[in-house]
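Dear colleague,

Please read them with the model open beside you.

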Amino acid sequence: MTLRQTYQKGKMLLEKAGIETPAFDAVCLFEKVFGMDRQKLMIHGMEPAEEAHAAAYWELCEMRAQGRPLQYILGEWPFMDFTLCVGEGVLVPREETELLVYTAAERLRAGSGAKGPWKGIDLCGGSGAVAIGLASLLPGLEISCAELYADAFRFLEANVRRLASKAVHPARFDVLSPESAALFSGLDLVVSNPPYVEAAFYFKVFS
């Protein structure tokens, strides 16, 4: 079986499962296993596919067909101009998250001067996307990234190490506990992109 046929079999599997973007997902999974993007697949598509690689690729396609998020299967996802490790336990950064980062950076510059220094905190930091993104845009920013849950904190620490974000300081604590109040003093920025909650819960708590 050729590389192109291998890819097409995976794409058909995703189509039958009702995946919304079967071609895109199939290419992403193909690149993870074979190291070939869409362009390289077009060039080398008639070459034979190694059986072990083909089996691994179809296994990943089956995972996606069963509903596992593409980003979790890949283990990483692009955000702004860098790539984050992601997986079970953290939300996958979205375009709206990038908008939050750019908007927060603009408002901080407008309200506190163009260069800093600034001190900030990111609440419910998850993968660290918001804190790392802000640090990349604002060289004068020192920002703590608070995350309570162990699974998410593992990704947060990994991404800070991976991207050498020395201005980002992972901190594991409950942002709602009285003991954390001291961490909110002297801040120029408080930002958060927390996990989604049901509307019924929101109105129950805040109405």
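**The nonpolar cores**

The largest nonpolar core has 54 residues, of which L29, F30, Y57, L134 and V168 touch the most other members; such a core is a set of buried Ala, Val, Leu, Ile, Met, Phe, Trp, Tyr and Cys residues joined through side-chain atoms within 4.5 Å, where buried means under 20% relative accessible area, exposed over 50% and partly exposed in between, with a 1.4 Å probe and protein chains only. The largest share of this core, seven residues, is supplied by α2. Another core, of five residues, lies apart from it and includes I121, L123, A146 and F173.

Please bear in mind that this is a predicted model, in which local features need pLDDT of at least 70 and side-chain atom pairs count only at pLDDT 80 or more, while totals for chains, interfaces and linings use all residues. Residues are numbered from 1 along each chain as its sequence is written, and side-chain values use heavy atoms, with hydrogens and water left out.

**Two helices that cross**

Helices (H or I, at least four residues) and strands (E, at least two) are DSSP runs, numbered from the N terminus. The axes of α2 (residues 22-34) and α4 (residues 51-65) come within 9 Å and cross at roughly 140°; axes are lines fitted to C-alpha atoms, for helices over the stretch in contact, and angles run from 0 to 180 degrees between N-to-C directions. On the α2 side the contact (heavy atoms within 4.5 Å) involves D25, A26, L29, F30, K32, V33 and F34, and on the α4 side H53, A54, A56, Y57, L60, C61 and R64. Leaving aside neighbours within four places in sequence, L29 is in contact with Y57, L60, C61, R64, L70, I73 and L74.

**The sheet and its helices**

Four strands form an open sheet in the order β5-β4-β3-β6, with parallel pairing, two strands being paired if DSSP finds at least two bridges between them. Because β5 (168-171) and β6 (189-192) stand at the edges with a single partner strand each, one side of each is left without a neighbour in the sheet. Strand β3 (residues 118-123) runs parallel to β6 and is joined to it by four bridges, with I121 opposite V190 in β6.

Helix α7 (residues 129-137) packs on the sheet, where it touches β3, β4 (141-146), β5 and β6, and its direction makes about 175° with that of β4. Seven of the nine residues of α7 are buried, so this helix is largely enclosed by the rest of the structure.

With best wishes
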